[in-house]
Amino acid sequence: MSKLVYLVPLFPLIGFLINGLGRKGLSKSLSGMIGSAVVLASFVVSLLVFNETRATGFTPVTVNLFDFINTAGINIPFAFQVDQLSALFLLIITGVGFLIHVYSTSYMHDEEPPHYARYFAYLNLFVFSMLMLVLGANYLIMFIGWEGVGLCSYLLIGYWFKNTEYGNAARKAFVMNRIGDLGFLLGLFFILKQFGTLTYIDVFKQAGDLSSGDTVLVVITLLLFVGATGKSAQIPLYTWLPDAMAGPTPVSALIHAATMVTAGIYMIARSNILYTLAPVSQTVVAVIGLATAILAATIAIKQNDIKKVLAYSTVSQLGYMFVGLGVGAYTGAVFHVMTHAFFKALLFLGAGSVIHAMHHEQDIRKMGGLAKKLPVTHATFLIGCIAIAGIFPLSGFFSKDEILVHALEANTIYYIIGLLGALMTAFYMFRLYAMTFRGNFRGTHEQEHHLHESPWQMTMPLAVLAVLAAVAGFVGIPELFAPNAHALQHYLDPVFAASAARVEAAHEIKNEWVLLVVSQALILLAIIFAWTRFSKKPETSDATGFGKVLADKWYVDELYDSIITKPLNALGNILNRFVEKSGIDGLVNGVGKSVQWGGRQLRLLQSGQVGTYILWMVLGILVFFVITLFI
Amino acid sequence: MPINYYIILAIALFSIGVAGVLTRRNAIIIFMCIELMLNAVNLLLVAFSKMHYGVAVTGIPETTAGVEAQLFVFFIMVVAAAEVSVGLAIIVMMYRNIHSVDVNFLNRLKH
Amino acid sequence: MNITEILFWFLTALALGGSLMMVFSKNPVYSVLWLIVVFFAISGHYILLNAQFLAIVNIIVYAGAIMVLFLFVIMLMNLNADNEPQKNKWLKIAGVIAGGCLMLVLVSAILRTEGLKEQTLSLSGSTGLIKQLGKTLFTDYVLPFEISSVLFLSAMVGAVVIGKKED
C-alpha cells in the first residue's frame, strides 16, 4: 500500500483540475461533491497507509516517481517518503480536511456556481500542496508544497477579492510568507552546499556524524526556523495569520487546523536531528515560541471579533508547539498539532456556524444567549473550549501537559510562562464562550428572529470533531498515569530515535502530581471567573487604558509599518527621485545624447565631396601601410 | 642597375598621381592621374620582370623567366584602354548633364 | 657613368618632371601633352629594359589612342580655357601632404627591406621580345586573351549606352 501513496496527493490534484477547469459548467452540488469526494478518497488511502506504518519494525518507504533535477553533482528525485510522521500528518490533513470540505458545501451555498467551484478548486489545491509538503522525501519536494500552501492561502484569503481589505490581507499573508520562504530557501542552499543532497535520509545520516553545536548546523537550523516562523506564524512574522480571517471561515479552519500553519512544526519535527545537534537553535525556537504564546494570548484577551480571538489563540498554541520542539519534546509537539487540529477545526467551524446563524455578524459584543438557539453548535463549541483550555480528560490536557512537563525538565521559567499562557488561554476562550452563548441576546431584533441551527452538513463535522477533540488525548497517556501507555510515543519513536539517542536522560521531576493538580485548579479558576464575569456583565464598550493596547494588538502592525514599510517606501521614493531620475536615467539618456551629439558632429564629415572622401581613403591606406610595414 | 632605382621611380610617379587626384577638381585631370598611377605600376612590373630574369638566367641561359610579368603589363594596358573608353563616356555624360567636369558638383553622395 | 646610366637618369627626370607638370598645369590640354611626354619617357624606360614590345604598345595604345581620346574629349567640351575654380587651399595642401607621406612611407619601407638592396636587374635578355611574349600569350594565356576581347566588347557597348543622348 505504501507504494501507492502517490494516490493521496493525486486525488486532490484531480479534484482541483476538474473544479478549476470546469468551474463554468459544474453545478454547485456536483463541484461540492467532487471536492469532498477526492479528499475522502485520499483519506481512505491515508488510513490504509497509516495502518501499514503501525506495524512494528516498519522501515520508511521511499517511492521514487521520477528524476526531478539531475545534473552533475546534484541528483534530486521526485520522491515520496512514507514513515510514521508523514502517515500521521496525512491522516490529520485528509481527515480534518474532508470534514471541512463537507462543512463548506453548506457554508458557501450562497455563492454563484463558478465561484463555488473556484472555492473548491482552491481547497483541493491547498490540500494537495500540504500533502506534497508532508510526503516529500527531500527538502525540495517539501519546498514545492511549502510554496504551494503559501499560494493557496493567498488565493483563499483573497477569495472575496472584490473587497480591497481582503485583498490586502491576502497580499500581507503572501509577503510575510515570502519573507519566511527566503530563509527556508537559503537553508536549503546551505544544506545542499554542506551535504550535497537534499534527501532526508542522506542529510540526517551525514548530520548525525557531525558534532553537537556545529556552526553550519546552527546556521541551517536558524534559516529553516525563519521559514517556519513565516508559515507557522511566530514572532516576528505572525501578523498575517489574524488578518487571514478575511477568507471564508472554513478556510480559516483549514489554514489553522489541518494545513499551512502546521507546516513549520512538521518541518522542524522532520529535521529533529539537525535541531537536536544545534542547542543554540533549540533555545531560539523555544524562546520565540514562548514569547509568541504569551504575546498572542494577551492580545486574544481583548479581541471582540469571534474569529480574531480564535486566530490569536492559534498563534498562541503554535507557540506552545514550538516550545515543545525547542525543548526536544518532538512527540509532544506533534501530539499537540494533532489535538489542536481537532479542537481548533471544531472551534472555527463552530464559529462559522454562529456567524452563519447571525448573518455574517462576527462581533461577539452583539451576540449572547445563543446556547438555546444553537444547541449542537453550543455543545460542540463548549467541548472545544474545554479541550483547548486543557481540562482533564479532554485532548488538550494531554498534549499541553506533555509539552509543559518537558519544558519544566528543560527550564523552570519556561514552565511558569507556559502555565501563565495556559491560564490566559482558558480565560479568553471562556470569555469568548460566555459572550457568545451566555447572557442575553444583544443583536438586532431581525437577527434574533432569524436565528437557526445550521444544516446537517455543518453540524455533522462539528459532532465528529467534538468527539475527536474529546477523546484524541488518550493516544498519549503520560507516564505518570500509566506506565508505557503513550501509544503515540511508541508509534513515532523510529522517527525521533536518532535525536533521542543524542539527548541525555532528563532529570526526574518531583511532585509532578502536585503540579498537575495545582495547574488544573488554576485553569478551572480562570474558567469559572471568565464564565461568571462575562455571562453577567458582557464587555460591550471599547477597551480603555492597557486594555486598548491589547485590543490594538500591542501596535505591532503599526510598529512594522513605521520601522519597515514607511522607511522602505521613503527609501524607494528617494531612490526613484534621485538615483533613478538623475542617476540611471541620466546615464541612459546621457549615452543617447552623447551618441546623438557625436553623430551630429561626424555627419559634417559626409560632405558629399568626392575629393574629401578620396583624401580620407588615402589617409586610411597610409595608416594601414604604417601599421603593416612598420609596426 | 639596382632594382631600388626603378622601385623608387615607380613610387614617385604613383605618389604624384595620388597627389594629383587629391588636389585637382577637373574630372579629366583626375582620370589622367589614374592613368599615370597605372603606368607607374606597369613600370614596376617590368622592372621586377627583368630582375627575375637576371636571377634565373645565371642558372639556365635559355630561361623565359619574367615573361608572365610583361604579359600582365599587356593585360593591364588592355583593361586600361577599356576603362578609359567607359570613363570618358561617363565624363561626357556628366558634362552634358551639369555643364561642368568639376567633381565638387558631384556631391550627391551624401544623399 | 656609362650611356645606360645617363639614359636612365635622363628618362627618370623626364618622367618625373613631365608628371609634375601634368598635375600642376592649369590648362587641361597642356596636361594631356605633358602626360604624353611621361608616356614617352616610360616607353624609353621599357626600351632600356629591353622590353621592346611593351614600349611599342605603350606608345601606340597610351600615347596614341588613349591620349588622343582625352584630347578629343577636352576639345569637345571646350575646356582649354582655364575655367577650373580654385579648390580649397587647405584641401590642396592636405592632398599634397598625403601624397608626400604615401611616398615617404613606401620609400622608407623599400629602403628598410633587407635583401632588396643587392638585387639588380639585367638589361639584356630576349624575354621582352615579341616572339617570346607571343608564344606565351597564345599558349598559356590564350583564354585570358580571348576573354579580354569580351571585355572590350562590353566596354564598347557600355560607352555607347552611356554616351547616347537621352531622347
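Helix α14(A) is mostly covered, with 21 of its 21 residues buried (a residue is buried if 20 or more other C-beta atoms, placed from the backbone, lie within 10 Å of its own). The model is predicted, so that local features need pLDDT of at least 70 and side-chain atom pairs count only at pLDDT 80 or more, whereas totals for chains, interfaces and linings use all residues. Residues are numbered from 1 along each chain as its sequence is written, while chains are lettered from A in the order in which they are written. Helices are DSSP runs of H or I with at least four residues, numbered from the N terminus. α14(A), residues 306-326, reaches 30 Å from its first C-alpha to its last, close to the 30 Å expected at 1.5 Å a residue, and is followed by Gly328(A), whose phi is positive, near 90°.

The largest nonpolar core has 201 residues, and those with the most contacts inside it are Ala345(A) and Ala469(A) (a nonpolar core is a set of buried Ala, Val, Leu, Ile, Met, Phe, Trp, Tyr and Cys residues joined through C-beta atoms within 7 Å). Because domain 1 (1-137) and domain 2 (190-543) of chain A both give residues to this core, it lies between them, the domain bounds coming from an automatic or database domain assignment. Apart from it lies another core, of 75 residues, among them Met51(B), Met77(B), Val101(B) and Val38(C).

The contact between chains B and C takes 60 residues from chain B and 69 residues from chain C, residues being in contact if their C-beta atoms, placed from the backbone, lie within 7 Å. To the side of chain B that touches chain C, α3(B) gives the most, with 21 residues.

Key. Contact = placed C-beta atoms within 7 Å. Helix = DSSP H or I, 4+ residues; strand = E, 2+ residues; numbered from the N terminus. Expected span 1.5 Å × (residues − 1). Buried ≥ 20, exposed ≤ 12 C-beta atoms within 10 Å, placed from the backbone.
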